[in-house]
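Hello,

Here is the structure I promised to pass on. Have a look at it first, and then read on for what turned up in it.

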Amino acid sequence: MLSVIAAHAAVSGLAGGFVGVDVFFVISGYLITQQLLREAARDGRVSLLGFYARRARRILPAATLVLVATVAMTAWRLGSAQTATVVTDAIWSSCFLANVHFAQQGTDYFAQSLPPSPLQHFWSLSVEEQFYLAWPLLILGCLLLARLRRLRGRTPAADWPTTVTVVLGALVAASLAWSWWATSHSPQTAYFSTLARAWELGLGAVGAGVVARVRKDALPPWAAQAATLLGAVMIGWTLASYDGGTPFPGTAALLPVLGSALVIVGGALAQGPTAVGRVLAVAPLRRVGDWSYSLYLWHFPLLVIPEVRAGHELDGTTRLGLVALAIVLSALSYEFVETPFRTGRLWRIRWRAVVLYPLSVVLVVALGAAGNAYTRHVDATRGHHPAITLPADWRKHATGEGKHRSVALLRESVRAAKEDRPIPTDLSPDPADLADSYAYLGECDYATTGSTELCVRGDPHGSRTMVVLGNSHARHWVPALDKIAERAHLKTYYLARSQCPAAMITPDVAHETQPDTDCADFHTWAVEQIKRLHPDLLVISSSQNFGAIHTDDGVRHSSTDEVRKLEYQGYLDMLDLVVPAAKRTVWIRDIPSVPGASDPGTCLAVHRTLGACAFRTNDKQQAEADLQMRAARARGVKTVDMDDWFCWRGLCPSVVGDTIVRRDFAHITNEYSARLAAPLGRKLGLW
């Protein structure tokens, strides 16, 4: 667990610390299977009720405590915007389905763009619990198979561990094959997948079967020493060499998982203490081992919640202090929560222990509802503060774009932020619902549906056609463009794929270092559709490319200068293909983003004044937007600049009137996008 905490605390040189979870999976698979095999050898059967009761006593008390405490800390420190989301995460986690929940979010770009959940680490606990649910049933099946083979005279009565090992080995191989395939085809879901991780727990189980089958003196002392040392080196190498860009789990997980198995099995079969065993047996590490479960549970919310509230990365000293606090809480949890439930007489009765499962869920749901109610009560008791409005004589002082009411309101909102006025009480959308404020495309979301059949919006019976091309920064204009299309009687097609910029390039897969060939395929398909439709108006809107770029020669270019050069050429290549196919093409300049990827919703829910949540324009992002504009002008494409509706004199408010501008650091809310239909329509010549 120490390696996992080091990775989450951004300790230099341990970027691969996340493999500590995989090491823990192997240990868990070994210990649980060892217990089951010993019970089967002693009693000739496995008690399911007894097994689930032991798991409930071991897992549920500390997990429930941390879930409840995290909801409470979120409600206290982060306000309604984050509390509603964390309560949902807590309920999924209490049902041991967090990995399913976070896998779904991993495929949802608009969920990815929000701050990390302080409960995201519960995914691994969910994988374990799902393993625990199925594993004793599998062991029982293996015992039954062994008895059938014995009755047929094919195996001796005492050889049932061989049957268990062979069956488990086959399942491990199948799960590893799936993990390799899923990691290469859908890495974001594979990371949280039980099927993609089961082989890790299964390999630990196979190790338990081997230890049960092989005599302890069968392994020479030098071999045990060599196996444990090799395993420790394999784990250490991955800790230092892996990072967030390593495709994982897949075959990359083989090294730490096999290393863990070597340490465990080598140590178990050794005729005396091994060098690795002596190191792990020192008193401080034994104590950390006792606290490891609680330490894993506590550390992540303690690191995440302060960082989300601060809106930026914490410094090393602060992170170290938070880790120290996690250690203290872990020691207290172990002493006063884990131990009493595990050893106390009250919970030794099996049915009482099993009842902890539904009790845990009920408690989390009830306190989650209380957390939501508390944050809404706090919002309501801050007093009523009106929306930002224009003064009666605003037209007398308006100049330039400021003569438009919507621009004038933006400028008045900037003044309100400079004066640090209170945040309006009635915001649209409600901060608690901000995460859901993104354009839902339904069947027109080609990346989600996988469909290649065009889907029409706007006015399906219109005589003219508009095509919108880009990534999520084209999609956030959908509420405005839908209104424009309906008014102008335009059949509209949204060719927008998240994380796929409007440039003929092959970017990285999100959070990976491999090429996003799906994006490249989408570009090819989108160009074909534009050529076939010959739209009356082609609208392009896109954010920059955030990763490296892969060229046709297989080279991955990651330096800023190379990426920008290739990106610019990619814009030109895209325009060369689509501009001749459209009667008119317009490129909407990318809107200013919040520096540091901080979360406006959390800021608004936590702070009482508008000034705390306004921000200065991001020079780097503005340079990227300029790059797009240069490419458009180089190909004679008209450009539309909407910055006057987002910032004024370098300051960008998070609220305009009573409307929240951005749902996250870079995307417009549905509500604000819809409010910009008229000015955007005028800029496009359609309103």
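A salt bridge here is a side-chain nitrogen of Lys or Arg within 4 Å of a carboxyl oxygen of Asp or Glu. Please keep in mind that this is a predicted model.

Let me begin with the charged pairs. Searching the whole structure gives 21 salt bridges. One of them joins the side chains of Arg556 and Asp508, with 2.7 Å from N to O. Arg556 sits in strand S7 (residues 556-557), while Asp508 belongs to the loop between strand S4 (506-507) and helix H22 (517-533), so this pair ties together parts that are 48 residues apart in sequence. Are the two partners buried or exposed? Arg556 is partly exposed, at a relative accessible area of 36%, whereas Asp508 counts as buried, at 10% relative accessibility.

Another salt bridge links Asp643 with Arg589, whose closest N and O atoms are 3.4 Å apart. Asp643 is in the loop between strand S10 (638-640) and strand S11 (651-652), and Arg589 is in the loop between strand S8 (585-588) and helix H24 (600-606), so parts 54 residues apart in sequence are tied together here. Both Asp643 and Arg589 are buried.

Asp664 and Arg663 also meet through their side chains in a salt bridge, at 3.2 Å from N to O, and both of these residues are buried. You will find a network of salt bridges as well, linking Glu412, Arg415, Glu419 and Arg421.

Now to the nonpolar side. In soluble globular proteins, nonpolar side chains tend to be buried together. The largest nonpolar core in this model has 96 residues, and the members that touch the most others are Trp477, Phe646 and Leu680. Helix H18 (residues 405-418) gives the most to this core, contributing seven residues. Which residues does Phe646 touch, leaving aside those up to four places away in sequence? Among them are Leu410, Trp477, Ile591, Pro592, Val661, Ile668, Tyr672 and Leu676. There is also a second, separate core of 79 residues, including Phe25, Val86, Ala252 and Val257.

Conventions
Residues numbered from 1 in each chain as written. Predicted model: local features only at pLDDT ≥ 70, side-chain atom pairs only at ≥ 80, totals over all residues. Heavy atoms only, no water. Helix = DSSP H or I, 4+ residues; strand = E, 2+ residues; numbered from the N terminus. Buried < 20%, exposed > 50% of the residue type's maximum accessible area, 1.4 Å probe, protein only. Core = buried A, V, L, I, M, F, W, Y, C linked by side-chain atoms within 4.5 Å. Contact = heavy atoms within 4.5 Å.
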